[in-house]
Structures are given as structure tokens and as C-alpha cells.
Amino acid sequence: MAKEIAGINVLARAEVIAAVESWHRWLAHERRASVNTVSAYLCDLSAFFAFLTAHLGGPASLADLENLRAADFRSYLARRAAEDRAKTSTARAVSVLRGFFRHLEREKLALNGAVASLRSPRLPRAVPRPLSQEQASKVMAAARDGAASTSPEPWIAKRDAAVLLLLYGCGLRIGEALGLNGRDASGADVLLVHGKGGKERGVPVLPLVNQAIADYRAACPHELTPGGALFVGVRGGRLGARAIQAGMAHLRSALGLPPSATSHALRHSFATHMLEGGASLRQV
């Protein structure tokens with residue numbers, strides 16, 4: 001028995017301990033969670049039962065768990081807030097409680113609808129760190145030299161280079177670049193891109209980017225129709241993001257770049273470097 005479960009023995013009734021042990025087995029064998037993950041989850045659950053022991057005046061039973069109200073769960077979160085716990089820690093604790101009560105319901109041990117009222121704290125979104133202009137230049141040069149691909153096929157190296165140049169040179173999201181069809185890349189100075197919510201915007205295209213796309217199209221062994229995908233995989237289907245992300249990871253390793261140097265960061269690097277160059281926010 002895990003030491004974390006043993007620690008709950010004095011905080012809950014035997015029937016609850018049996019349910020925790022069942023959940024522990026499910027996490028370890030069915031979900032195949034790591035030892036560290038399971039240990040962290042059990043620690044969070046132990047903290048909840050410690051709160052309940054004081055809140056209810058004694059060890060909790062399955063009936064107690066089933067009868068907990070939204071106000072009880074809010075009191076638990078208020079206690080955590082008073083202890084100045086990190087938001088990420090509380091978010092995990094909420095996830096643990098939902099998971100444990102789902103297990104109780106799945107095993108027909110207890111049903112509590114109030115747990116659905118639990119809301120995780122809003123976590124700050126991490127903003128991708130842009131590459132420096134020197135780093136971006138190295139990435140673009142290496143991509144043009146074919147270093148973004150581990151495939152021996154020259155057309156794949158040209159394809160990956162064209163996509164990365166679109167991300168940085170035009171500030172496209174990876175989904176926008178891979179969503180382009182053959183007719184969208186006409187070699188014109190402006191590229192019409194369909195973004196989030198179906199919104200269409202015109203994006204200026206550098207001659208270098210148009211040339212990279214043209215080189216890829218000339219080398220691609222698959223027929224690229226006007227209404228079909230512009231960027232395709234080995235079998236001719238629309239290319240997925242994973243291939244480009246893998247290519248960027250290969251470049252990161254080859255160039256000694258930090259983990260923050262991702263394909264998504266290229267888009268933010270484009271905007272940052274434009275602003276540094278004197279462009280207005282409206283232009284970006």
C-alpha cells in the first residue's frame with residue numbers, strides 16, 4: 001500500500017480507504033499514470049480528507065462524500081486560498097477531486113453532483129518567447145539548406161523549408177499555413193489566409209517565401225491541384241503539424257537553440273521583429 005494511502009487511514013472510514021485503494025489501482029494499471037503522478041494525486045486527496053476531518057468533525061464515510069454540497073467544496077478551496085497555495089497546485093487538486101468522484105460514481109459507490117460546481121482557478125497563459133533576429137536568421141538559413149528535415153527526399157526538405165518560411169516570413173499560424181490550398185499560393189505579393197473564425201486576411205509575401213513555395217511545388221512528386229492541399233505528406237494527403245514540429249525540434253538541436261524555439265514561436269518572432277523594425281501594431 002502506498003504511504004500516501006496509509007496516511008489517509010486516520011482521515012476516512014474503512015469503506016473510503018477501500019475506494020481510494022481502488023482508485024489507486026485504476027490510476028496505476030488502467031490509466032498507466034507514472035509513479036510520481038499517482039503519488040502527487042494521493043497527496044492532494046489526503047489534503048482534502050484532512051480538511052474534511054476538521055470540517056465534518058470526524059473521518060469521512062461514503063455517505064458523507066455523497067452528501068457534500070457545493071458550499072463544502074468552496075470551503076475547501078477557500079482554505080487552500082488562505083494557505084496561499086499556487087494556482088497551478090489548486091488546479092491540480094480540483095482535477096484530482098473530479099477524478100476521484102468520477103471513480104466513485106463509476107464504481108457505484110457514491111454519486112455527488114455538487115462536485116461539478118468546482119471551478120479551477122484561471123491560470124495565466126504562457127506567451128511564447130520569440131527568437132532573437134539572429135536565431136531566426138539561423139533557422140531560416142538552415143531550413144533553406146534542407147536541415148529542417150531528416151528525410152532523404154529533397155522535396156520534403158523543400159516543403160518543410162517553405163512552411164517554416166511562411167510561419168516566420170508571413171506571421172502565419174501553423175494551422176493557417178497547412179490549411180492553404182494550391183490556388184492560395186499564386187506567387188502574388190499578397191496571400192489570402194483564412195484564420196480563426198473563418199476570417200480572411202491579406203498577408204504580404206516576401207519574394208523569398210514565394211520562391212521557396214515555387215521550389216517545393218516543382219519538386220513535389222504529388223499532383224497539387226488548385227482545390228487540394230498545398231502542403232502534402234509522403235502519401236499525398238494534407239500535411240499535419242507534427243511533421244513541421246519535428247523538423248523544428250531537429251533544427252533546435254542542430255543549432256543549439258532553447259526549448260522555447262518552436263514553430264509557434266516563429267509567428268511571434270515575426271510580429272516582434274516587425275515592431276522592432278518600426279512597424280505599427282495595426283500593420284502587424
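This is a predicted model: local features need pLDDT of at least 70, side-chain atom pairs count only at pLDDT 80 or more; totals for chains, interfaces and linings use all residues.
Going along the sequence, the elements run α-α-α-α-α-α-α-α-α-β-β-α-α-α. The chain has 284 residues, and 42% of them count as buried. If you look at contacts between residues at least 6 apart in sequence, 62% of these join residues at least 24 apart.

**Helices around H6**

- Helix H2 (residues 14–30) packs against helix H6 (residues 87–106) with the axes 10 Å apart and an angle of about 105°.
- That angle falls in the 65 to 115 degree range, so H2 and H6 count as roughly perpendicular.
- On the H2 side, the contact uses Ala 19, Val 20, Ser 22, Trp 23 and Trp 26. Facing them from H6 are Val 96, Gly 99, Phe 100, His 103, Leu 104 and Arg 106.
- By residue class, the H2 and H6 contact splits into 7 nonpolar, 3 polar and 1 charged.
- Helix H3 (residues 35–56) also packs on H6, here with axes 9 Å apart and an angle of about 85°.
- H3 is therefore roughly perpendicular to H6.
- From H3, the residues in this contact are Ala 40, Tyr 41, Asp 44, Leu 45, Phe 48 and Phe 49. H6 brings Arg 92, Ala 93, Val 96, Leu 97, Phe 100 and Phe 101.
- The H3 and H6 contact has 10 nonpolar residues, no polar ones and 2 charged.
- Val 96 and Phe 100 of H6 turn up in the contact with H2 and again in the contact with H3.

**The strand pair**

- Strand S1 (residues 190–194) pairs with strand S2 (residues 200–204) over 5 bridges, in the antiparallel sense.
- Val 190 has Pro 204 of S2 standing opposite.
- In a regular strand, side chains alternate between the two faces of the sheet.
- For S1, Leu 191 and Val 193 make up the covered face, while Val 190, Leu 192 and His 194 are on the uncovered one.

**Cysteines**

- Searching the whole structure turns up 0 disulfides.
- Cys 170 is buried, because its relative accessibility is 3%.
- Cys 43 comes out at 40% relative accessibility, so this cysteine counts as partly exposed.

**Two residues to look up**

- Pro 121 sits in the loop between H6 and helix H7 (133–144).
- Pro 121 has 23% relative accessibility, so it counts as partly exposed; the cut-off for buried is under 20%.
- Pro 121 and Leu 77 are 44 residues apart in sequence, and their C-alpha atoms are 9.7 Å apart in space.
- Met 248 belongs to helix H11 (residues 241–255).
- With 0% relative accessibility, Met 248 counts as buried.
- Leaving out residues up to four places away in sequence, Met 248 touches Val 139, Leu 164, Ala 261, Thr 262, Ser 263 and Leu 266.
- Met 248 and Asp 160 are 88 residues apart along the chain, with 9.2 Å between them in space, C-alpha to C-alpha.

Note on methods
Residues are numbered from 1 along each chain as its sequence is written. Side-chain values use heavy atoms; hydrogens and water are left out. A disulfide is a pair of cysteine sulfur atoms within 2.5 Å. Buried means under 20% relative accessible area, exposed over 50%, partly exposed in between (1.4 Å probe, protein chains only). Helices (H or I, at least four residues) and strands (E, at least two) are DSSP runs, numbered from the N terminus. Two strands pair if DSSP finds at least two bridges between them. Axes are lines fitted to C-alpha atoms, for helices over the stretch in contact, and angles run from 0 to 180 degrees between N-to-C directions. Angles under 35 degrees count as roughly parallel, over 145 as roughly antiparallel, 65 to 115 as roughly perpendicular and the rest as oblique. Contact means heavy atoms within 4.5 Å. Ala, Val, Leu, Ile, Met, Phe, Trp, Tyr, Cys and Pro count as nonpolar, Asp, Glu, Lys and Arg as charged, and the others, Gly among them, as polar.
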